[in-house]
Structure formats: structure tokens, C-alpha cells
Amino acid sequence: MKLSDFMDIAHLQEIQDAFSEATGLAAVAIDANGNYITKGSGFTDFCMKYTRECTEGAKRCQKCDATGHGVYECHAGLMDFASDITLNGEKLGAIIGGQVLPNEPDETKFRNIAEELGIDPDTYVRAVKKVPVRSEKAIRAAASLLGDVVNRMVLQEYMDATEYKKIHVWEKEIANATETVTRIKVNTRELESIASKQTIMALNASIETARVGAAGAGFGVIAKQMGAFSKQSTEIYKKITEDANSIAESINKMNNT
């Protein structure tokens, strides 16, 4: 199952953008295979223009994106988070981000990281000084809040999509059942008509048997039996009609609920 099968990704993007704007934390959603399904919100030049643009930095970032969980320090010294997006026990993706500092940056530390990545240290330090600073407590609270909101949103949209499909099938089957009941009623009326004709024929046969006397005794037995069958058929058709009417009444109640 994919999030895009039932999820309004544009709505998810709006939630993500609002979260980033309110907290200063970056965020982006990925699917179960690690592919981005939303556009990044609040990402800084430090991460996107410098760290991820160099070969070694990109490699390390990909590893963090794939293995990071909860709130953690990324390879470049920032605080990141990753919250799984799950549905009925199945992981469908994750909401990841953060890219903020829990304290004012240590220039020496970031100069060393820049040298490891092959980035100009002065440029890297200037970029990291523009990264938002948030307390670790605030980072953890914000990450937890976003994860909870997104998972609730996913569950609600899945339920809405599932119920819509059920309702669509329900309406279709009710229509089919209504047509079937109509056909039953039509066929029953035709059978009732045939049964009435059988009754008349049996009656005529009985009269004719009485007129010819003993010579028609055998035919009289058959005529009597035809009359009995006709009566039984009429009773059965009556029960079928009652059942059809009961089904029709139930369908009308469901339609009007």
C-alpha cells in the first residue's frame, strides 16, 4: 500500500509547511522506499546548498535519512528527527527533518566537519550561523507533535477513502437488488396469471368429466390433481411476493437512512 493511494499529498504539504513556519524546523515526507513525496519545508542553505551538494556530504545525509529514528544528531552536527508513518502496523513512510541547532554553533567543530566534506570552512561556518537554534526539549516536542498529527491525518484519510469505496459499492448493490426485486415481482405476476389459467382449466376439466360420466374418470383424477397443483402454486407465489415486498421495504429504509 502507498500513501498516494488514498492520501491527499497536497494537504500533507500544507500541514508540513505550517509546521516548519511555526517551529523553524525543516520537514519532508518520504515513502517506504525513501522517495520524497512532499517538497522540503524550511531547509537551510547549510544543508541543501553545501552539505548535501558535496559528494561525501550527500552520502552521509542519505545514510542518516535511511537509518535515523526519533530525535538524533546528524553527521553534520545538527539535530534531526524521523517519525514513522504507519497504518494498521505497516510502515508506509516517514516524516523527517529538523536541521536545527540545540545550542549556538561551535565554530571549531564545524570547521573540522567542513574539511572532512571538502567544503570551504569559512563559508560553512557562515552558513551554520544562519541555522535556527532551538532547545532540545522544544525540538523533541515539535517532532513528536508532527509525527502524531501526520499519523492521525493518514488514518483519517484512509478511513474516509475506505468508507467512500464501501458506500459506492453499497449504493451499486442496492440498485442491483432493487432491479432484482422488480423482476421478481414481474415474473411472479406472470406466474400467478398462469396459475389462474391452470385453475380455470382444472375446473373446466372437472365439469367435462362430470358430463361424460364414468368414461372420464381417469381424466377427472388428473383434473383434480391439476387443481391441487394450481392452488399450491398460488400460495407459493403469494409467499414470494411477500418476501419481495419485504426486501423492497428494507432497501427503501437503507436508502432513506
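Me: What is the volume of the largest cavity?

Reply: This is a predicted model, and the values given here are computed from it. The structure holds two cavities of 30 Å³ or more. For the largest cavity, the volume comes to about 70 Å³.

Me: Which element supplies the largest share of the lining of the largest cavity?

Reply: The residues that line the largest cavity include Cys47, Cys61, Cys64, Asp65, Cys74 and His75, and by class the lining has five nonpolar, three polar and three charged residues. Two helices, α2 and α3 (55-67), each supply at least two residues of this lining. The largest share, three residues, comes from α3.

Me: Which element supplies the largest share of the lining of the second largest cavity?

Reply: The second largest cavity has a volume of about 60 Å³, and its lining consists of Phe43, Arg52, Asp65, Tyr72, Asp80, Phe81, Ile96, Gly97 and Gln99. The elements that give two or more residues to this lining are β3 (79-87) and β4 (90-100). By class, the lining has four nonpolar, two polar and three charged residues. The largest share of the lining, three residues, comes from β4.

Me: Which element supplies the largest share of the lining of the largest pocket?

Reply: The largest pocket has a volume of about 260 Å³ and is lined by 16 residues, of which Ile30, Gly34, Asp65, Ala66 and Lys91 lie nearest its centre. Four elements, β1 (26-31), α3, β3 and β4, each supply at least two residues of the lining, which by class has seven nonpolar, five polar and four charged residues. The largest share, four residues, comes from β4.

Me: How many nonpolar, polar and charged residues make up the lining of the second largest pocket?

Reply: About 150 Å³ of space lies in the second largest pocket. Its lining is formed by Met1, Lys2, Leu3, Ser4, Ile9, Asp31, Ala32, Asn33, Ile37 and Leu92. Divided by class, these residues are six nonpolar, two polar and two charged.

Me: Within what arc do the buried residues of α4 fall, seen down the axis of the helix?

Reply: In α4, the buried residues are Phe110, Ile113, Ala114 and Leu117. Seen down the axis of α4, they line one face of the helix, because the arc within which they fall is 105°.

Me: Which exposed residues does α4 carry on the face turned away from its buried side?

Reply: The buried residues of α4 have a cover that includes α2, α3 and α5. The face of α4 turned away from its buried side, by contrast, carries exposed residues, namely Thr108, Glu115 and Glu116.

Me: Which helices are included in what covers the buried residues of α5?

Reply: Helix α5 (residues 121-128) is mostly covered, with six of its eight residues buried. Those buried residues are Pro121, Thr123, Tyr124, Val125, Ala127 and Val128. What covers them includes two helices, α2 (45-51) and α4 (107-117).

Me: How many residues apart are Phe6 and Tyr158?

Reply: The pair links distant parts of the chain, with Phe6 in the segment before α1 (9-23) and Tyr158 in helix α6 (residues 136-212).

Me: Is Tyr158 buried or partly exposed?

Reply: Residues under 20% relative accessible area count as buried. Phe6 therefore counts as buried at 13% relative accessibility. Tyr158 has 22% relative accessibility, so Tyr158 counts as partly exposed.

Conventions: Residues numbered from 1 in each chain as written. Predicted model: local features only at pLDDT ≥ 70, side-chain atom pairs only at ≥ 80, totals over all residues. Heavy atoms only, no water. Buried < 20%, exposed > 50% of the residue type's maximum accessible area, 1.4 Å probe, protein only. Contact = heavy atoms within 4.5 Å. 1 Å grid on protein atoms, 1.4 Å probe; cavity = no way out; pocket = protein on both sides within 12 Å on 5 of 7 lines; lining within 4 Å. Points joined across faces, edges and corners; volume = space filled by probe spheres on them. Nonpolar A, V, L, I, M, F, W, Y, C, P; charged D, E, K, R; others polar. Arc of directions from axis to C-beta.
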